[in-house]
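Here are my notes for your first read of this model. Keep the structure open beside them.

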Amino acid sequence: MKPRADDLYRGLLTGAAGVVFFIVFLIAWESVTGAALSMKTIGWSFLLGTEWDPVMDHYGALPYVIGTLATSLIALLIAVPLGIGSAVFLAELASRKMGEIVSFVMELLAAIPSIVYGIWGFFVLAPVLRSAVEPWLIQHFGFLPLFRGIPFGIGILNASLILAVMIVPTIVSISREMLLASPRSLREASLALGATQTESILVALSAAKPGILGAVILALGRALGETMAVTMVIGNTNRIPHSILDPGATMASVIANEFTEATSPLYISALIQIALVLFAVTIVVNALARLLVYWATGGRQDTAGAA
Amino acid sequence: MTSTRRVKNIAFIAACYLASALVVAPLLFILGHLLGKGLAGLNWEFFTHMPKPVGELGGGVANAIVGTLLIVGMAALLAVPIGVAAGVYLAEYGRGRFATLVRYTTDVLSGIPSIVVGVAAYGLVVVPMGRFSGLAGSVALAILMLPTIIRSTEEMVRLVPRSYREAALALGAPRWKTIQQIVIPAARPGIMTASMLAVARASGETAPLLFTALGNRFWSLKLDEPMATLPVFIFDYARAPYDDWNRQAWAGALVLVLLVTLLSALLRLTVRRVRAA
Amino acid sequence: MRTIRSKWLRATALAIAMLTAVAAIQPTSALAAGSQVNLTGAGATFPYPIYSKWFDLYNKETGVQINYQSIGSGGGIQQVKAGTVDFGASDAPLNNQRLKEMPRAVIHFPTVAGAVVLAYNLPSVTAPLQLTPDVVAGIYMGKITMWNDKRIAASNAGVALPNMPIAAIHRSDGSGTSYIFTAYLSAVSAEWKELVGNNTSVSWPVGLGGKGNEGVSGLVRQAPGAIGYVELAYAKQNNFSVASIRNAAGKFIAPSIASTTAAANGAAAVLAKDVRTPIVNSPAPDAYPIAGLTFLLVNKEQRDQAKGKAIADFIAWAMTEGQKSAEALDYAPLPEAVVKVNQANLASLTFGGKPLVAKK
């Protein structure tokens with residue numbers, strides 16, 4: 001005989017839990033209905049269209065897809081080695097005190113709002129890139145098409161650097177947990193066999209590989225959706241960037257820039273279609289990441305602390 | 001041991017130290033610039049006055065600070081009860097397929113970019129209401145806070161020792177009373193910290209506010225009208241071509257960072273007092 | 001509530017709850033308790049410097065709060081369409097096609113005339129540059145890429161042009177300023193008209209995008225070698241170097257209130273017939289060729305009487321007091337003929353089908 005109050009209480013809690021379905025459904029509903037016109041008129045070749053032309057009411061999102069991919073991938077290229085190196089430092093090499101201090105610093109980095117990263121990138125990093133770094137790159141690597149262009153100081157390179165700084169804490173915290181979770185015995189065994197510290201760390205790293213991969217993919221998910229910091233430093237053009245010195249735009253930044261003012265129904269719908277793509281892609285990427293981390297830790301861990 | 005291996009060893013370890021230094025460095029630069037450029041713009045007027053029109057020096061962010069507190073406060077009022085309740089559900093009753101689905105959906109929700117949430121909030125709140133409003137901003141922020149609150153609550157409630165529950169049940173308390181009056185209070189400090197950290201993070205969000213709360217040059221306490229917020233203020237003033245406005249943007253950024261870290265620090269302090277009580 | 005043990009937490013929670021409740025149940029109708037009217041407007045960044053002063057002055061005089069957010073002309077048009085603001089502002093007038101697309105009839109009220117200037121950041125060049133229409137079009141089409149190009153040097157004899165790449169800055173958002181600028185380029189360059197066209201948002205062949213007049217100004221300020229098109233007020237406030245442009249009469253005209261007024265006045269007759277007529281490339285001898293009017297977009301049928309009256313009162317004020325302060329704020333006042341058109345249009349605003357403002 002279950003008391004009525006118990007049922008009522010459980011019902012309330014269940015209802016609260018059900019709210020998440022409701023919210024995700026609402027967001028998906030808004031995105032799909034909003035994008036419907038564009039999906040019907042342009043279809044999915046939208047993602048391969050190279051011309052984003054509001055004058056002719058003709059929209060192709062390839063420049064933004066490329067902008068997003070370029071900035072995220074370059075950011076990962078920078079953040080992954082640095083992140084894993086720092087994680088190794090924190091988990092294996094640092095003393096307790098040093099480890100605490102650096103971890104604290106990471107927490108602070110993760111707590112800084114993205115708009116603050118944006119203004120730092122615009123006012124501090126851009127002049128440095130414009131006056132020193134980019135001319136140097138043009139001078140020494142300008143034979144590659146990837147490094148040609150006008151040194152604006154803002155553009156793909158700046159956005160990628162800022163993104164890297166923003167996603168590094170994610171990689172560090174999860175990788176560190178993965179390393180700490182791997183059994184001591186692994187390292188002790190390899191040391192006993194005469195390995196150097198580095199070699200035994202590498203052994204631990206390869207054991208933690210799936211989890212670290214999960215961290216990287218989670219970081220990718222964050223980079224894909226990052227808006228404000230990117231909007232301020234990426235240069236906002238609707239052309240495909242051909243070099244890292246070129247300005248560009250990402251899917252998130254074009255929505256932020258053009259949404260309130262898209263005047264034709266197709267224009268709005270095209271922007272919402274981009275939002276829909278972002279929505280879908282981040283779901284897939286995050287699901288993949290969590291699966292990897294979950295699998296790597298035998299179901300004990302999840303990525304709650306790092307997101 | 002061959003010297004190659006020794007060299008590789010030293011090189012790798014050195015690289016790891018270097019990596020950590022490179023990761024820590026940006027924070028030092030950012031904080032340095034924030035303090036350097038931001039402090040210059042901080043004065044009594046900055047905290048107590050409204051923004052001035054273009055061309056006039058001075059003015060402040062009083063309305064933006066209050067706006068941020070109001071919108072974030074409202075968002076917390078929306079997200080915390082629902083989030084805590086959902087988290088408790090998952091911890092106490094969460095063993096079936098429904099619960100797994102809820103967890104998965106919460107994960108999905110946490111990964112949605114804030115700009116997409118902003119677009120959805122525009123369609124769901126701004127357009128039907130016929131106006132931009134602080135409330136729409138609160139709805140967007142609440143959606144962003146929810147997943148973290150749910151997950152942390154579940155973790156914290158799980159940590160409550162089983163003996164608490166068993167003791168209560170043994171004394172004849174019904175299940176709901178056990179949860180409501182024994183388990184939740186025991187988990188409260190942790191829940192509060194984690195929730196408020198989520199709230200503090202959300203107070204720095206800019207993208208969703210662009211299409212919901214818009215902005216307001218005047219003092220407004222009305223949640224059903226556009227409202228000034230600190231992040232949007234920073235965005236607008238940083239892009240402006242006026243030196244004075246740029247300085248104010250840095251000052252605003254400093255205030256925002258202080259707000260976020262102060263909120264977090266205050267919370268940890270309160271939690272310690274509650275624990276001691 | 002009683003389960004929150006800490007008094008401190010309880011007090012904070014109560015405070016937030018009370019504050020939110022107070023804020024949320026504020027009367028929304030302006031008629032309640034005879035409180036003041038608050039208006040929300042959004043749109044063009046072009047007139048933002050003068051609007052922000054006007055609204056501040058008006059607030060001090062009448063207590064009416066007009067909250068204007070400069071999100072770009074495209075934003076102004078779209079939000080009027082969506083019905084989320086009380087009025088919009090745009091330098092790009094709505095053509096007949098677009099007017100038809102509006103769910104409710106919209107009236108254009110021009111407020112001031114402004115000049116779109118070409119501001120550039122070349123610290124080594126002290127004399128103002130003189131640019132021909134072809135050069136301007138060439139820069140923005142990517143055909144002229146270096147500052148010391150022969151074609152620029154041709155009209156700037158004696159000026160030492162640096163060997164620097166040109167960073168052309170354009171608008172990344174839907175912009176009336178872009179509309180005026182591309183209207184000019186389309187008028188002077190058949191190739192531009194064909195290739196790019198005239199609109200608030202175009203597919204720019206080259207360059208960097210900034211959001212709003214503010215964003216473009218910010219970028220020009222930061223990057224040596226940059227050139228961007230912004231409203232005169234922004235250029236003045238930033239002490240930008242601005243280029244003199246050769247007008248249709250063949251003279252190199254520097255942007256100023258006088259040359260903008262000349263452009264506006266030169267077209268007074270056609271403007272009286274349709275205020276949306278573009279005034280770029282004016283044939284008047286002293287007119288600055290890249291000028292335009294900026295408009296307030298107001299729904300003909302107002303849904304809230306108090307708000308409608310407030311908008312009408314403000315526009316009436318802008319046509320008298322406001323015009324007086326225009327020059328001091330770096331904008332050109334409207335020709336008298338246009339002011340009369342506005343005053344006539346005010347009389348056509350309705351509420352519930354009946355005229356909003358009593359005919360004086």
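1. Start with a definition: the expected span of a helix is 1.5 Å times one less than its number of residues. Keep in mind that this is a predicted model. Now look at helix 8 of chain B, residues 175-202. Its 28 residues would span 40 Å if the helix were straight. Between its end C-alpha atoms, helix 8 of chain B spans only 34 Å.

2. Where does helix 8 of chain B bend? Go to R188(B), where the bend is about 55°. A proline, P189(B), follows within four residues.

3. Next, the contact between chains A and B. Chain A puts in 65 residues, and chain B puts in 67 residues. On the side of chain A that touches chain B, helix 1 (residues 4-41) gives the most, with 19 residues. That side of chain A divides into 47 nonpolar, 14 polar and four charged residues.

4. Turn to chain C. This chain has 14 helices and 15 strands. Of its 360 residues, 54% are buried. Take the contacts in chain C with a separation of 6 or more: 73% of them join residues 24 or more positions apart.

5. Find the open sheet of three strands in chain C. Its order is 13-14-15, and the pairing is mixed. Strand 13 (301-302) and strand 15 (354-355) of chain C stand at the edges. Each has a single partner strand, so one side of each lacks a neighbour in the sheet.

6. How do strand 13 and strand 14 of chain C pair? They run in the parallel sense, over two bridges. Strand 14 of chain C covers residues 350-351. There, T350(C) is the bridge partner of E301(C).

Definitions and conventions. Residues numbered from 1 in each chain as written. Chains lettered and ligands numbered in written order. Predicted model: local features only at pLDDT ≥ 70, side-chain atom pairs only at ≥ 80, totals over all residues. Contact = placed C-beta atoms within 7 Å. Nonpolar A, V, L, I, M, F, W, Y, C, P; charged D, E, K, R; others polar. Pairing = 2+ DSSP bridges. Bend = angle between axes of the 7 residues up to and from the residue. Buried ≥ 20, exposed ≤ 12 C-beta atoms within 10 Å, placed from the backbone.
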